[in-house]
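Subject: Structure for your files, with notes

Dear colleague,

Please find the structure below. My notes on helix packing, the ligand and model confidence follow.

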Amino acid sequence: MNYLFNPLPHSGINNIIKAKNEYYYTSDNKRYIDLESGIWCASIGHNHNSINKIIHDQLNSLSHISKRVLPSDIDKIAEKLLNLADMQGKTMFLNTGSEAIEFSMILAKLIHKKAKVISFEDNYVSAYGQATQIDEKINIASCLKCEKEECNKACKVLKDKIDKNAIFIFDPFCFSRLVLLPPQKLIKRIEREIKLNNGILIVDEITTGMGRTGKWFGYNHFGIKPDMIVLGKSLGNGYPVSAVLIDEFIIKKVEKTEFGYYQSHQNDPMGCKIAEGVIKEIQENGLIDVSKELGISLLSKLKQELYDMNCVEEIRGIGLLIGIQISKNIIVEEIYHKLVKKGVIIGISIKYNMLNIFPPYTINPIMIPKVVESIKTTIFEIEQGKKISKLSNLNNYKA
Ligand SMILES: Cc1ncc(COP(=O)(O)O)c(C=O)c1O
């Protein structure tokens with residue numbers, strides 16, 4: 001690539017011309033299985049027929065409109081999302097995840113101007129804007145191993161950190177690809193402290209929402225009630241639509257101010273209709289349960305096949321959000337490039353040396369053991385090359 005500015009390491013594949021469900025196809029007739037759903041967006045599969053039809057129909061009817069003349073069917077889509085989240089309030093549709101996070105911060109800061117903004121260490125919440133300026137980042141490493149039944153008041157992790165009116169942005173599991181599983185007691189405790197301090201709890205569901213973790217939203221695993229919920233990525237299955245679900249207590253406060261907000265594409269019919277189509281597909285095809293069940297079988301297969309390997313330190317996951325922690329003696333880019341040669345596109349975090357698997361929920365289940373086998377053999381080949389270990393139980397692999 002000579003002219004395209006794309007400051008990220010490249011896979012070396014530059015001739016993809018088509019995607020369908022879990023596959024990419026190239027101009028020279030190669031096929032790659034996409035274990036990342038694009039960038040965790042195409043969760044109901046690339047190039048989805050019914051979503052394509054919605055796009056086509058909207059293009060031929062109404063894709064964009066002045067925000068002063070919005071049609072009422074969009075209101076019903078906003079309500080659908082609120083119902084899924086069991087929230088009384090309102091929904092704003094935007095385009096990207098970062099934009100929606102920024103909007104949630106604008107609202108939160110409108111209510112509590114000088115509030116401290118808190119999140120967990122390693123949470124990635126936005127590419128830009130206010131959410132990148134977090135005042136307090138809480139490290140939960142010790143909580144991940146904590147065996148106490150309840151969070152102790154004296155525990156240093158939260159002690160004196162949640163101030164009056166604090167704004168907490170919580171990404172339930174993604175943690176910049178680390179895939180961490182915080183204990184419920186910790187999250188309930190944070191919720192309690194935020195409420196006691198008259199603060200605002202924003203849940204960033206951009207990666208974890210719309211069924212990725214085996215429930216509609218990641219926060220559903222904790223039994224908490226957020227004040228704002230931010231959705232993106234899977235909401236549009238690859239089309240840029242995001243949303244902020246806003247509890248009515250915030251709406252009431254905002255409505256008492258002079259606040260106005262206007263962006264060209266807020267609440268555009270195209271994005272709203274696509275989101276409605278994604279919800280319908282998930283509901284009609286039971287894709288939340290599929291994500292949960294496939295996630296369980298993928299995770300157990302990975303543990304069964306990879307845990308003996310020398311460089312595999314830990315395998316963590318929930319639903320179809322999975323991370324494999326690789327030890328420092330192998331760099332994940334090496335695994336990535338070897339897998340690409342075998343037709344497998346896996347997710348990686350170079351910073352944390354993690355492999356990630358976030359496939360479409362619609363991946364053909366027969367691909368699960370095949371994919372695991374490819375990962376295993378690839379790691380084994382690298383380990384052997386570096387004389388890291390010898391695996392006795394490696395199955396015969398046919399490329
Ligand atoms: C947890 C999380 N929050 C927010 C974002 C920002 O979303 P976007 O890239 O659509 O702006 C991302 C993007 O990867 C994310 O993973």
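At what angle do helix α3 (residues 72-84) and helix α7 (residues 269-284) pack, and how far apart are their axes? The angle is about 45°, and the axes lie 10 Å apart. An angle under 35 degrees would count as roughly parallel and one of 65 to 115 as roughly perpendicular, so α3 is oblique to α7. Their crossing is left-handed. On the α3 side the contact is made by Ile74, Ile77 and Lys80, which meet Pro269, Cys272, Ala275, Glu276 and Ile279 of α7. Sorted by class, the residues of this contact are six nonpolar and two charged, with no polar ones.

Please note that this is a predicted model. The average pLDDT over the chain is 95, and 97% of the residues score at least 70. Residues 390-399 have a pLDDT below 50; in the model this stretch has nine contacts beyond near neighbours in sequence. Where pLDDT is low, predicted coordinates should not be read in detail.

Helix α4 (residues 97-111) packs against helix α6 (residues 248-255) at an angle of about 65°, with the axes 10 Å apart. Angles of 65 to 115 degrees count as roughly perpendicular, and therefore α4 is roughly perpendicular to α6. The crossing of α4 past α6 is left-handed. Leu107, Leu110 and Ile111 are the α4 residues in this contact, and they meet Ile250, Lys253 and Val254 in α6. By class, five residues of the α4 contact with α6 are nonpolar, one is charged and none is polar.

Helix α4 also takes part in the ligand site. The ligand is surrounded by 14 residues, of which Thr96, Gly97, Ser98, Ile206 and Thr207 are the closest. With three residues, α4 gives the most to this shell. The shell divides by class into six nonpolar, six polar and two charged residues.

The crossing of α9 and α10 is right-handed. From α9, the residues Glu334, Ile335, Lys338 and Leu339 meet Ser374, Ile375, Thr378, Ile379, Glu381 and Ile382 in α10. The contact of α9 with α10 has five nonpolar, two polar and three charged residues.

Regards

How values were computed
Residues are numbered from 1 along each chain as its sequence is written. This is a predicted model: local features need pLDDT of at least 70, side-chain atom pairs count only at pLDDT 80 or more; totals for chains, interfaces and linings use all residues. A crossing is left-handed if the near helix is turned anticlockwise from the far one by less than a right angle, and right-handed if clockwise. Helices (H or I, at least four residues) and strands (E, at least two) are DSSP runs, numbered from the N terminus. Two residues are in contact if their C-beta atoms, placed from the backbone, lie within 7 Å. Ala, Val, Leu, Ile, Met, Phe, Trp, Tyr, Cys and Pro count as nonpolar, Asp, Glu, Lys and Arg as charged, and the others, Gly among them, as polar. A residue is near a molecule or strand if its C-beta atom, placed from the backbone, lies within 6 Å of it. pLDDT is the predictor's confidence in each residue, from 0 to 100. Axes are lines fitted to C-alpha atoms, for helices over the stretch in contact, and angles run from 0 to 180 degrees between N-to-C directions. Angles under 35 degrees count as roughly parallel, over 145 as roughly antiparallel, 65 to 115 as roughly perpendicular and the rest as oblique.
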